[in-house]
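Dear colleague,

Please find the structure below, handed over for your reference.

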Amino acid sequence: MTDFGASNSTPDDAVIDLARFGFDDANDAWLHVFRNAQIVEPLGRVGEYELQAEIGRGGQGIVYRARRTRDDQHVAIKRLIGGKFATADLRRRFEREMQAIAALNHPNIARAIDVVDDDDQPVIVMEFIDGESLTTWARAHGNRRPIAEVIPLFVDVCDAVQHAHIRGVIHRDLKPSNVLVTTQRRGESRSYRPVVLDFGMARVLNGSDLPSNATTSGRFLGTLAYAAPEQLKGDLRPADALADIYALGVMLYEALAGRNPHLVAGSLGETVRSIQEKMPERLSASVPGVSRELEAIIFKALSKAPTDRYQSVDALAADLRRFLAGDPVMARAPGTLYLAGKLIRRHPVTFAVGLSIFALVSTLATALVVANAHEKAALRVAKTTSDFLAETLAAAEPDRSGADVTLLEVLAQAGNRAERELSGSPEAAAQVYIAIGKTYNSLWRWRDAIPHLEKATQLLRTLPDLDDDVLAKALTSLGRAYTSVRDPKARQIQEEALAIRRRLFDEPDARIAESLKELAYALQQATDPPQWDLAEACYEEAIAMYHATLGPDDRETASCLHNFGWMRVRQRRYADAVELYRQAIDTFRRTNRRDDPFYVECLFGYSAQLSVVGRDEENLDVINELVPRLRASHGESEIGDLLWAKAETLVQLGQFDAADDVYADAFTAFFDWCDIKTPSTDRDADALCDELIDHLPAMASDKTGPALSVVEAFAHSRIAASRFERAEAIFDRLNPGIDQWAPDAVLTRASILEGRAEIANAGGDPLLAQQWLSRALEIVDKPGFPFDRKRAWLERQLAVILSDPTTHQVDFQRLTEVYERLADVYGLDHRRTRETRQLIEKLRREIPPQ
Amino acid sequence: MNPDTTRASLLLRMRDPDDHRAWHDFDAAYGELIVRYCRARGLQLSDAEDVRQLVMLSLSKSMPRFEYRPEIGRFRDYLRRTVRNAITRYMQRHNNDEIGIDTIALESMSVGDDAMDAEWDRQWTQLHCRTALRSLRRESDPRHVDVFERLLNGDSIQCAAESFGMSPESVRKIKQRAKQRLQALIARQLRQEDGLD
């Protein structure tokens with residue numbers, strides 16, 4: 001007893017109580033007491049289920065672990081808290097929510113098995129998940145799970161929440177204990193399935209919503225640590241989809257950092273203040289492996305203002321997927337030419353996105369009428385289809401959280417309705433599925449499109465008098481969706497569509513051309529390995545056929561050229577890409593259709609590739625044309641990146657004064673983007689650069705990285721203009737703080753060292769230059785980080801500095817090696833590769849072979 | 001009791017009706033005890049859950065005035081009386097639409113007035129055992145927990161030692177440490193329950 005503080009301050013009563021546990025008794029009595037405590041009687045029965053123990057409580061429901069007596073199956077049973085005391089409203093709500101949950105069918109949501117009535121009380125029977133909570137799983141028994149395991153699991157969680165959202169169900173109590181992770185073992189390998197539980201606090205958006213106090217009952221029902229700032233305001237308003245997104249952000253932060261982003265251990269007031277006012281501590285600084293991209297994603301989800309967050313869970317999931325694939329993420333601040341890169345990665349179908357989404361669906365409906373009006377039966381089908389879509393649209397409520405979500409709800413409803421109401425008209429149902437699928441495609445929601453388009457093709461194949469081209473169209477859209485998710489089925493589907501059309505139509509025909517174009521795209525996007533040669537043949541045939549049918553200047557021709565150009569970029573055949581983009585642009589210029597948004601997209605691709613191959617004068621013309629067009633279509637806030645590109649192009653052309661004017665505008669745009677008040681007086685680029693450095697220590701974490709790269713790039717422009725002292729002064733100002741502001745800004749730090757090397761070399765100190773470069777190489781030599789290009793370039797710089805033509809000490813073998821490495825990572829057409837080749841050729845001319 | 005102690009006890013925190021975390025913690029800690037006790041007294045589960053709600057309502061009224069006075073009884077007994085009272089009222093008014101429950105007058109509460117409620121004490125003891133076991137499992141070396149589970153399930157020291165390839169002496173040590181740890185955990189739980197920690 002002495003060990004456990006049966007001290008003087010303990011009342012005798014407590015000592016007596018402790019005696020009940022048998023610690024002081026003979027024959028290990030305590031062990032028996034604890035053993036017996038583990039054997040608990042069933043709590044009761046509900047229908048054929050024996051309730052074994054309570055396993056949790058949500059806002060309104062109690063969950064029990066139960067056993068179905070007839071087959072011993074374990075289930076979870078949920079009943080309303082408050083039982084008979086529950087108000088009629090609460091009961092109605094519980095029942096309505098049970099129906100909503102019963103309608104959810106997703107592999108990552110605990111499945112509803114049955115709804116039973118128990119003594120006049122509603123009870124829901126659900127799948128029992130034998131897993132560990134997300135928190136326990138993420139810690140993996142003391143060690144942090146690798147990011148490569150956490151993020152894909154989290155994407156599954158997002159998919160589940162999104163599945164509920166588009167059906168109008170908001171979870172409202174997302175927290176790690178509501179996500180159980182089950183482990184499947186196959187031999188040595190393990191896979192993990194997260195399951196979202198407890199929609200007990202869920203709010204159903206459709207129908208006549210109850211006043212908020214019906215669920216909040218005058219107190220906060222969610223779990224504070226995962227509550228969004230807006231939920232903690234005085235009015236205790238019910239959480240919406242954006243609060244779920246915030247909670248996902250908290251959970252992801254916690255899964256990676258092992259701690260809540262806020263101070264939640266203190267008093268209620270401290271917790272609320274922390275959630276409402278304090279920026280969480282940065283992750284990339286403290287958690288190994290968390291990159292700036294990933295951190296930016298989490299911080300975007302954690303934005304205090306709901307409008308700054310992702311506007312749908314799907315957008316969050318999409319960014320996480322981009323992160324996993326190594327693609328640029330939307331949360332991350334743009335760097336130079338980032339936007340251009342982003343845009344040229346898009347595919348031609350996206351010009352539809354510019355349209356209002358509602359107009360899109362309406363247009364589809366109208367298009368169906370027009371397209372099929374030539375036949376009476378077809379007209380009937382088209383009428384059914386368009387009426388159906390019009391009705392679904394009319395039923396939509398436009399005031400939900402973001403237009404995107406609203407449309408998705410409409411689409412989900414349309415799918416469900418089609419299944420129920422159009423079963424007697426399979427052709428109309430197929431048309432609706434095609435319309436839904438194509439709309440999802442135009443929103444890049446390929447995975448949502450696939451099941452609808454699959455259904456459409458299946459239905460069409462069962463029709464006795466099938467219109468083969470309708471099937472070909474459906475297959476084309478389906479193939480496009482599969483291509484976009486890199487599913488190898490794409491090729492086979494597009495081949496089938498092409499075969500159908502070749503059979504139906506006489507060549508040349510624009511519909512055959514379309515299938516050729518889509519097949520080419522499927523082949524170029526194939527991953528193991530890409531079928532470049534086959535894709536090239538298809539593109540060439542498609543372009544020729546479009547020429548012959550729609551004419552050389554049709555938009556389809558341009559779209560084909562654009563896609564072909566993008567394939568050349570992927571092949572690192574940049575010069576060929578430039579040529580194809582130019583041809584695409586010419587189609588618009590010849591017909592004076594420069595206002596077409598797709599023209600802007602083609603210009604972006606053209607500009608980016610001109611920059612890569614070093615055709616700076618032409619690029620400057622293109623950028624000058626782009627700036628006003630982008631300003632008109634995307635607004636001032638998107639101009640910044642283009643201005644950086646323009647300034648850098650001017651530097652390449654040696655027009656340093658003109659470049660500085662543009663740099664000043666670019667800095668101003670950057671201040672704008674950072675929400676820093678733009679300095680009022682007319683200041684030059686150098687002064688603005690200094691001002692930006694002043695702001696660095698206090699800058700929001702997601703802005704520091706981009707700000708640093710902007711300053712560093714500006715310093716390099718000083719080097720190009722031989723203003724070495726100025727460049728050095730900038731580097732010196734960055735030097736003391738950079739590790740603290742952006743510890744993982746590896747490339748920026750390497751570039752600073754590279755700049756110092758250039759300065760040292762220009763100042764006649766190649767030895768010092770070598771030292772700087774060696775340090776830069778050490779930095780990028782970080783295992784697991786894809787810095788191949790930077791490493792190759794630094795090696796090249798080192799080799800060039802080591803070659804001294806004045807003393808004829810040129811190591812040609814080394815130079816050739818670095819050239820080959822550059823050709824490998826940058827491609828032969830890249831300006832860096834080409835300039836290196838030219839340098840070696842020049843040295844060979846100057847230095848006779850020994 | 002000093003209300004300024006940095007780590008206020010659950011009971012102290014429950015005096016603030018707005019400290020939802022405290023109320024949640026309390027319900028998580030004692031809800032099952034109330035339900036199991038009611039079931040043992042013959043109530044249906046749904047009735048037991050209703051009583052649990054009534055008890056919470058009752059406590060929410062009485063806790064702001066609650067003052068711990070060791071000389072008049074422990075919280076365990078106070079809670080038992082509240083529950084028993086709730087059961088009585090619930091059964092009496094079962095069919096009324098307006099179900100209410102009076103709070104036990106604190107001043108009338110004293111130890112020894114009622115006969116020992118053996119079932120309550122049994123359930124209470126078991127609840128504390130399960131809580132302590134959960135803590136032990138969570139905080140201890142998983143291998144030691146595995147060994148201890150075998151002992152808990154009735155294996156002899158010899159048998160457990162053979163299964164895990166350990167010496168009986170090591171198993172004995174694990175058992176001894178588990179006992180000490182459980183004793184400390186229970187002592188802490190009891191002190192916290194009575195607002196002494």
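In which sense do strand β5 (residues 112-118) of chain A and strand β6 (residues 121-127) of chain A pair, and over how many bridges? The two strands pair in the antiparallel sense, over six bridges; strands count as paired if DSSP finds at least two bridges between them. The bridge partner of Asp114(A) in β6(A) is Val125(A). Two residues lie between β5(A) and β6(A), which form a hairpin, and Asp119(A) in the turn has a positive phi of about 50°.

Please note that this is a predicted model, in which local features need pLDDT of at least 70 and side-chain atom pairs count only at pLDDT 80 or more, while totals for chains, interfaces and linings use all residues. Residues are numbered from 1 along each chain as its sequence is written, and chains are lettered from A and ligands numbered from 1 in the order in which they are written.

Chain A

The secondary structure of chain A amounts to 35 helices and 11 strands, taken as DSSP runs numbered from the N terminus (helices H or I, at least four residues; strands E, at least two). Of its 850 residues, 45% count as buried, that is, with 20 or more other C-beta atoms within 10 Å of their own, the C-beta atoms being placed from the backbone.

Helix α25 (residues 640-652) of chain A has 12 of its 13 residues buried, so it is largely enclosed by the rest of the structure. Among these buried residues are Trp644(A), Lys646(A) and Glu648(A). At 1.5 Å a residue, the 13 residues of α25(A) should span 18 Å, and the end C-alpha atoms are 19 Å apart, which agrees; the expected span is 1.5 Å times one less than the number of residues. After α25(A) comes Gly654(A), with a positive phi near 80°.

Chain B

Chain B has eight helices and zero strands. Buried residues make up 32% of its 197 residues.

Helix α6 (residues 142-152) of chain B packs with helix α7 (residues 157-164) of chain B at an angle of about 145°, their axes being 9 Å apart. Axes are lines fitted to C-alpha atoms, for helices over the stretch in contact, and angles run from 0 to 180 degrees between N-to-C directions. Val147(B), Arg150(B) and Leu151(B) of α6(B) make the contact with Ala160(B), Ser163(B) and Phe164(B) of α7(B), where contact requires C-beta atoms, placed from the backbone, within 7 Å.

Yours sincerely

Note on methods
Two residues are in contact if their C-beta atoms, placed from the backbone, lie within 7 Å.
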